[in-house]
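Hi everyone, and thanks for coming.

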Amino acid sequence: MSNTFTKLVSQLTHSLEQENDQELLVSIEKYHPAKLGRLLESLPNKYRDGFWSLIPVNSKGEVLLSVHRELRQLLIKKTSEADLLKCLSTLQMDELADIDADLPLPVVSAMVEAMDSQRKERYQTVASFSDNIAGGMMDVDATAVRKDVSLKAVYRYLCKLRKKEGMLPEQLDQLVVVDRNNKVQGTLYLSDLVSMDNSLSVGDVMKNDVPLIDSLQSATQVAQIFEDHDLISAPVVDQNNYLLGRITVDDVIDVLKNSSEQRLLASAGLNEELDMFAPVAHISFNRAIWLGTNLITAFVAAWVIGFFEASIEQLVALAVLMPVVASMGGVTGSQTLTVVTRGIARDLVSSANIVSLTFHELKVSFINGLLWAAVVFIITILWYNDWRLGGVFALALFVVSLTGTLSGALIPIALKKLGVDPAIAGGVILTTITDAVGFLIFLGTATYILI
């Protein structure tokens, strides 16, 4: 959190404590709804009701969109049905579809009932798709033109649209060219519209190389297409290339942001939808599950160590060096785990190349394993004056490095096939394997050779 935002939260908290509504109203009017949402998430529960009540109704819809789901549900419960209907009327169809699952059924029914036939049809189109695929992300208000009209006619059409709606659609960089049946034929860039001879037809200047987004493609695939082609917007079509809507870059940024947050929190066993100031009992329960899982994996490693308790008592150096073996195996494995998990997320890893990738990682691990095994061999001799202990330690480190790499490559693939996100469970399983194997090799070899 930046110093400016931290200062703003402090000022806001002070105004709420002093019940200085006038000062708060002045502050609220200056900020975008997304920033108001961040402020709400930053406030302890006792201040949220007062702040929420001061936000203008016409801004509350966008604020609800910007906050985490758990907080959104709390705010909806504290808002009257009449105010909910007012604030929802300012949202686009895809935005309504994003939050309708959190709304009371009477509000959803009244909202749909109040729509005209065109808005109702558009809402139902978006609502029929899941939020995590292109159809659920799209804006159905795609601006379409025909290829046989002149650029001058298109320009006049945009002027009329601007006058009627008050503004052109956001992120409008291209118009979709369709035939009489609404089937996509290409796109017309606004830069071409304003720079070409306006007597030319749309068909003379339209482009045919802009990628079309299938409505059933995942949000991750959509983000990859936008990244690969540097897109600002793209048409969304059904399987027969009939125009359904369009996706804009701001929708893709939201996907990337949410994906990044999800993976960061999932790595610690946390839920990205969980409110920072959620009830203590609720947070405790969610974290207890993850802590229990990690405790079980720790006991697995301890169980392996228990087999060699007598050996450790006879040679204390084993206890000193054990953490190094576990650490090196974990780090080596996590490097490969990160590479493969990232590749899976970007659709770069599949059954066609996983074997080649695994061998490639093993070659890297083999070189590093030999290098650091030689280093620890020398250090152990200098430290304990025992070349046999150094050899055992070097062998264990080398084997656990290869084991960590192999596990890091295969675990994400196995989890993906089981329908489990590798970012959530991969690290725990990897740590269990590298710890158990590392201790087994190190203590077992030491027991056999040294004791």
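Here is one to start with: which residues does alanine 409 touch, not counting residues up to four places away in sequence? While you look, please keep in mind that this is a predicted model.

The answer is Thr336, Val340, Ile354 and Thr358. Alanine 409 sits in helix α21, and it counts as buried because its relative accessibility is 1%, with the limit for buried set at under 20%.

Now let's turn to helix α20, where we find serine 365. Is serine 365 buried or exposed? Serine 365 is buried, at a relative accessible area of 4%. Leaving aside neighbours within four places in sequence, the contacts of serine 365 are Thr332, Ser401, Leu402 and Thr405.

On to the aromatic residues. A pair of aromatic rings is described by the distance of the centres and the angle of the planes. Searching the whole structure gives 4 aromatic pairs. One of them joins tryptophan 303 and phenylalanine 307: the ring centres are 5.0 Å apart and the planes stand at 70°, so this pair is edge-to-face, the cut-off being over 60 degrees. How accessible are the two partners? Tryptophan 303 has 58% relative accessibility and counts as exposed, and phenylalanine 307 is exposed with a relative accessible area of 58%.

Phenylalanine 366 and phenylalanine 398 make another edge-to-face pair, with 5.4 Å from centre to centre and 75° between the planes. Phenylalanine 366 belongs to helix α20, residues 354–384, and phenylalanine 398 to helix α21, residues 387–417, so this pair ties together parts that lie 32 residues apart in sequence. For phenylalanine 366 the relative accessible area is 42%, which makes it partly exposed. Phenylalanine 398 is buried, at 17%.

Let's move to the nonpolar cores. In soluble globular proteins, nonpolar side chains tend to be buried together. Here the largest nonpolar core has 56 residues, and Phe51, Leu88 and Ile247 are the ones with the most contacts inside it. If you click on leucine 88 and leave aside its neighbours within four places in sequence, you will find it in contact with Leu96, Ile99, Leu103, Val107 and Met111. There is also a second, separate core of 26 residues, and its members include Leu318, Leu397, Leu443 and Ala446.

Next, empty space. Rolling a probe the size of a water molecule over the atoms shows where empty space is left. How many cavities of 30 Å³ or more does the count come to? The count is 1, and the largest cavity has a volume of about 30 Å³. Its lining is made of Gln174, Val176, Ser233, Ala234, Pro235 and Arg246. Strands β2 (174–178) and β5 (233–237) are the elements that give two or more residues to that lining, and β5 has the largest share, with 3 residues. Sorted by class, the lining of the largest cavity has 3 nonpolar, 2 polar and 1 charged residues.

The second largest pocket has a volume of about 290 Å³. Which element gives the most to the lining of the second largest pocket? That is α10, with 4 residues. Both α10 (117–127) and β6 (243–248) supply at least two residues of this lining. Among the lining residues are Gln118, Arg122, Val140, Asn182 and Leu244. By class, the lining of this pocket has 6 nonpolar, 4 polar and 2 charged residues.

Asparagine 182 brings me to my last topic, the backbone. Most residues other than glycine have a negative phi, and most peptide bonds are trans. Asparagine 182, however, has a positive phi, near 70°. It lies in the loop between β2 and β3 (184–189), and it counts as partly exposed at 30% relative accessibility. Asparagine 241 also has a positive phi near 70°. The loop between β5 and β6 is where asparagine 241 is placed, and with 31% relative accessibility asparagine 241 counts as partly exposed.

How values were computed: Residues are numbered from 1 along each chain as its sequence is written. This is a predicted model: local features need pLDDT of at least 70, side-chain atom pairs count only at pLDDT 80 or more; totals for chains, interfaces and linings use all residues. Side-chain values use heavy atoms; hydrogens and water are left out. On a 1 Å grid over the protein atoms alone, a cavity is a set of points where a 1.4 Å probe fits but cannot get out, and a pocket is an open set with protein on both sides within 12 Å along at least five of seven lines; lining residues have an atom within 4 Å of a point. Grid points are joined across faces, edges and corners, and a volume is the space filled by probe spheres set on the points. Ala, Val, Leu, Ile, Met, Phe, Trp, Tyr, Cys and Pro count as nonpolar, Asp, Glu, Lys and Arg as charged, and the others, Gly among them, as polar. A nonpolar core is a set of buried Ala, Val, Leu, Ile, Met, Phe, Trp, Tyr and Cys residues joined through side-chain atoms within 4.5 Å. Buried means under 20% relative accessible area, exposed over 50%, partly exposed in between (1.4 Å probe, protein chains only). Contact means heavy atoms within 4.5 Å. Rings of Phe, Tyr and Trp (its six-membered ring) pair if their centres lie within 6.5 Å; planes under 30 degrees apart count as stacked, over 60 as edge-to-face and the rest as tilted.
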